[in-house]
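The following note is intended for a colleague who is new to this entry. Its points are numbered so that each may be read against the display.

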Amino acid sequence: MSIWDKLFGSSNNRSSKQIAHDRLKVVLIHDRANVSPDVMEHIKNDIIEVISHYMDIDKNAMEIALENDADSVALVANIPVNNMRHDAGVRRR
Amino acid sequence: MGEVIVITSGKGGVGKSTTTASLGVGLAMRGKKVALIDTDTGLRNLDILLGLERRIVYTLVDVAQKRVNYGQALVRHKKYSNLFLLPTSQVADKTAIEPEQMKQLVDTMRNEFDFILIDCPAGIEQGFQTAVIGADWAVVVTIPEVSAVRDADKIIGRLQAVNKDIKLIVNRIDPQMVKAGTMLDMTSIDDILSLPCIGQIPDDREVINASNQGIPIIEWSNTAAGRAYNDVVGRICGEDIPFKPFETEGFFARLKHVFGH
């Protein structure tokens with residue numbers, strides 16, 4: 001840090017405080033998901049239940065996982081569809 | 001019936017024992033009858049922070065294993081006669097006390113004390129289970145560093161799994177760094193951990209100066225950290241105390257720092 005920064009405060013656009021905040025947000029999503037694999041299993045079962053109202057899906061081949069890039073986390077689901085139900089769309093009106 | 005609070009953190013060295021000592025003295029200063037229990041068996045420190053290290057006869061291990069009753073192991077504070085320490089053993093290890101023994105002890109002691117503060121060891125192993133089991137709620141102490149906040153989150157998960165209410169204390173905040181945007185502040189830590197905060201303690205050199213002499217910083221009411229701890233004690237007692245902004249150094253004080261180093 002320069003003498004100028006010490007006297008008048010840093011002039012960086014994205015502060016290290018903000019960087020720490022954003023990094024922690026991402027890492028904690030992963031930490032929390034890792035300590036509770038049963039939560040991921042619950043999410044998976046709930047998704048199967050909802051989707052099954054509309055489509056015939058391959059439950060065994062289905063995968064869900066948390067994936068992240070530098071500053072965001074996404075829940076990515078890969079759900080193979082075997083068939084579409086005839087009554088899809090009217091079921092849950 | 002007394003209230004039992006466990007002071008925990010996950011990461012070591014963030015000020016758990018320092019916080020326990022100051023909160024204990026602060027509650028005693030308000031006339032409460034207080035017991036502090038050190039559960040960091042093998043690495044005890046609450047005794048030295050309170051200036052009671054030469055008065056220990058029996059320990060928590062003796063009590064848990066029913067060799068003596070807790071009254072024989074309690075050490076009375078030199079200045080505050082309504083404050084007691086239940087020290088732990090410096091030679092035994094964390095497996096010497098079973099969680100169930102600790103719960104029984106705490107439930108017995110509740111009848112005699114207004115507050116029981118349990119100083120938890122770092123980590124998430126058996127020592128943590130033992131310290132936490134008998135508590136009504138938990139204080140999680142952290143500091144504005146990414147490693148400490150991450151470990152705090154892990155501990156919070158463990159505490160929520162056993163249905164403990166949790167309140168946060170952010171220790172060792174440097175107001176200058178917060179102002180400069182180079183340190184996490186209380187609001188951002190609140191946002192990350194999603195917990196109510198009951199204390200923000202400024203980084204204060206006087207904490208070490210006081211602990212050198214066996215004095216918890218709260219006794220020095222003219223220090224920044226001492227005042228902040230006093231506010232925490234008030235909040236624990238149910239008082240509505242707003243968070244005050246930290247005093248930051250003015251231009252000339254900063255000038256002194258720049259040229260003083």
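**Note on the structure**

1. Gln200(B) lies in strand β8 of chain B, the strand that spans residues 197–202. The structure in view is a predicted model, and the remarks below should be read accordingly.

2. Is Gln200(B) buried or exposed? Its relative accessible area is 15%. Because the cut-off for a buried residue is under 20%, Gln200(B) counts as buried.

3. The surroundings of Gln200(B) can be listed by name. Leaving aside residues up to four places away in sequence, Gln200(B) touches Val170(B), Ile173(B) and Met186(B), together with Ala228(B), Phe243(B), Lys244(B) and Phe246(B).

4. Regarding confidence, chain B has a mean pLDDT of 93, and 95% of its residues reach 70 or more. For the model, the scores are ipTM 0.80 and pTM 0.82.

5. Turning to chain A, which secondary-structure elements does it have, and in what pattern along the sequence? Chain A contains three helices and four strands. Read along the sequence, these follow the pattern α-α-α-β-β-β-β.

6. Chain A comprises 93 residues, of which 22% are buried.

7. A last point concerns contacts in chain A. Among those with a separation of 6 or more, 50% are accounted for by residues 24 or more positions apart.

Note on methods: Residues are numbered from 1 along each chain as its sequence is written. Chains are lettered from A and ligands numbered from 1 in the order in which they are written. This is a predicted model: local features need pLDDT of at least 70, side-chain atom pairs count only at pLDDT 80 or more; totals for chains, interfaces and linings use all residues. Side-chain values use heavy atoms; hydrogens and water are left out. Helices (H or I, at least four residues) and strands (E, at least two) are DSSP runs, numbered from the N terminus. Buried means under 20% relative accessible area, exposed over 50%, partly exposed in between (1.4 Å probe, protein chains only). Contact means heavy atoms within 4.5 Å. pLDDT is the predictor's confidence in each residue, from 0 to 100.
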